[in-house]
Amino acid sequence: MIFVRVKIPYPFLDFENLDLRIKKMGADLVGFGDVSSGLASEFSHIPKAIALGIKYPVFEVDIRTPHYFLNRSFSIDNRLQEIQKKVAAVLRNNGWRALPIPPDSHRENSSFIARIYHLFPHKTAATCSGLGWIGKSGLLISQEFGPRLNWATVLTNAPLMLNSHPVTSSQCGNCHCCVDACPAGAIRNVLWERKNSYEPLIDVQRCFAQLQKNKELYGYFSCGVCVMVCPQGVSKQKSK
Ligand code: SF4
Ligand code: SF4
């Protein structure tokens, strides 16, 4: 019997269906974007991003009396990290580079990757992937679930099917729910545009002071009123 060694064409990953594959791993939103513009030089060899989002569980909030909302979910972030690891393994096993950027709640650990976190915000990956915009609240807003998601990113050099319509401006329109509801008056009612990305959307000091106040009042360094009141995607979130 003669055995013929068949060389599998390289790469053999099905990039057309990669988003579905990642959703099966547990992500609610998946997008692929070119983030090469403005990328820190440390990452120039991995200029494409996979943006991953997992939505918060459905919750009911009485927006007439919002106090705070703990929007840092370690359980969601742990799930995001598991998905990141799987995605990175799939890419690396196919010969591509992959660097998972950890979710927000892992910022404060002392690992190497957490220390370079500030070089690449998840908002860049998600907007370049067409998954959302930066709202008046400074939060990433998706059409499907508003700001009620946690995010993670995998940077890579793989030939992803990149989104051709990156989001470059706000879609908040005339809405000002978060501006009116912010207990600190920290949201400036400014519409985000990528070209003006240095224009501050919120007064960070006022927001920080509110978080401090909530810690004294309720024991949590958190606010999140702007997360709770955003009407974007509420109906879809409840129906899924
Ligand atoms: S977290 Fe609270 S204080 Fe800060 S911007 Fe949002 S609503 Fe305002
Ligand atoms: S509440 Fe309205 S203005 Fe604020 S981020 Fe959401 S959509 Fe934009």
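Thirteen residues surround ligand 1, and the closest are Cys182, Cys207, Gln210, Cys223 and Cys226. The model is predicted. By class, the ligand 1 shell holds 10 nonpolar residues, three polar ones and no charged residue. Helix 6 (204–218) and helix 7 (225–229) each supply at least two of its residues.

Ligand 2 has its own surroundings. Its shell consists of Gly135, Lys136, Ser137, Ile141, Cys172, Cys175, His176, Cys177, Cys178, Val229, Cys230 and Gln232. Seven of these residues are nonpolar, four are polar and one is charged.

**Overall fold**

The protein has eight helices and six strands. Read from the N terminus, the order of elements is α-β-β-α-β-α-α-β-β-β-α-α-α-α. Of the 240 residues, 37% count as buried. What share of contacts between residues at least 6 apart in sequence joins residues at least 24 apart? The share is 74%.

The largest nonpolar core has 55 residues. Within this core, Ile50, Ala51, Leu52 and Cys226 touch the most other members. Ala51 has a list of contacts beyond four places in sequence: Gly31, Gly33, His122, Ala125, Ala126, Ser129, Leu131, Trp151 and Thr153.

Helix 6 has 15 residues, which should span 21 Å at 1.5 Å a residue. Its end C-alpha atoms are 21 Å apart, in agreement with that figure. Just after helix 6 comes Gly219, with a positive phi of about 90°.

Cys207 lies in helix 6. Is Cys207 buried or exposed? Cys207 is buried, because 20 other C-beta atoms lie within 10 Å. Beyond four places in sequence, Cys207 touches Ala184, Ala186 and Ile202.

Ala186 sits in the loop between helix 5 and helix 6. Ala186 is buried, with 22 other C-beta atoms within 10 Å. Setting aside neighbours within four places in sequence, Ala186 is in contact with Ile202, Asp203, Arg206, Cys207 and Gln210.

Asn189 counts as exposed, because it has 11 C-beta neighbours inside 10 Å. Its phi is near 65°, a positive value in a residue other than glycine. Most residues other than glycine have a negative phi.

**Helix 2**

Helix 2 covers residues 74–93, 20 residues in total. From first C-alpha to last, helix 2 reaches 28 Å, close to the 28 Å expected at 1.5 Å a residue. Its buried residues are Ile76, Leu80, Ile83, Gln84, Val87 and Leu91. Why do these residues share one side of helix 2? They cover an arc of only 110° around the axis, so they fall on the same side. An α-helix has 3.6 residues a turn, so residues three or four places apart point the same way.

The buried residues of helix 2 pack against helix 1 (18–24), strand 2 (48–55), strand 3 (98–101) and strand 6 (149–156). The face turned away from the buried side carries the exposed residues Phe74, Ser75, Glu82, Ala89 and Asn93. After helix 2 comes Gly95, whose phi is positive, near 95°.

Ala88 belongs to helix 2. Ala88 is partly exposed, with 19 other C-beta atoms within 10 Å. A residue needs 20 or more to count as buried. Beyond neighbours within four places in sequence, Ala88 is in contact with Ala98, Pro100 and Val154.

| Pair | Separation along the chain | C-alpha distance |
|---|---|---|
| Ala88 and Leu155 | 67 residues | 8.9 Å |
| Cys207 and Ile187 | 20 residues | 8.5 Å |
| Ala186 and Val204 | 18 residues | 7.1 Å |

How values were computed
Residues are numbered from 1 along each chain as its sequence is written. Chains are lettered from A and ligands numbered from 1 in the order in which they are written. This is a predicted model: local features need pLDDT of at least 70, side-chain atom pairs count only at pLDDT 80 or more; totals for chains, interfaces and linings use all residues. A residue is near a molecule or strand if its C-beta atom, placed from the backbone, lies within 6 Å of it. Ala, Val, Leu, Ile, Met, Phe, Trp, Tyr, Cys and Pro count as nonpolar, Asp, Glu, Lys and Arg as charged, and the others, Gly among them, as polar. Helices (H or I, at least four residues) and strands (E, at least two) are DSSP runs, numbered from the N terminus. The expected span of a helix is 1.5 Å times one less than its number of residues. A residue is buried if 20 or more other C-beta atoms lie within 10 Å of its own, exposed if 12 or fewer, and partly exposed in between; C-beta atoms are placed from the backbone. The arc is that of the directions from the helix axis to the C-beta atoms. Two residues are in contact if their C-beta atoms, placed from the backbone, lie within 7 Å. A nonpolar core is a set of buried Ala, Val, Leu, Ile, Met, Phe, Trp, Tyr and Cys residues joined through C-beta atoms within 7 Å.
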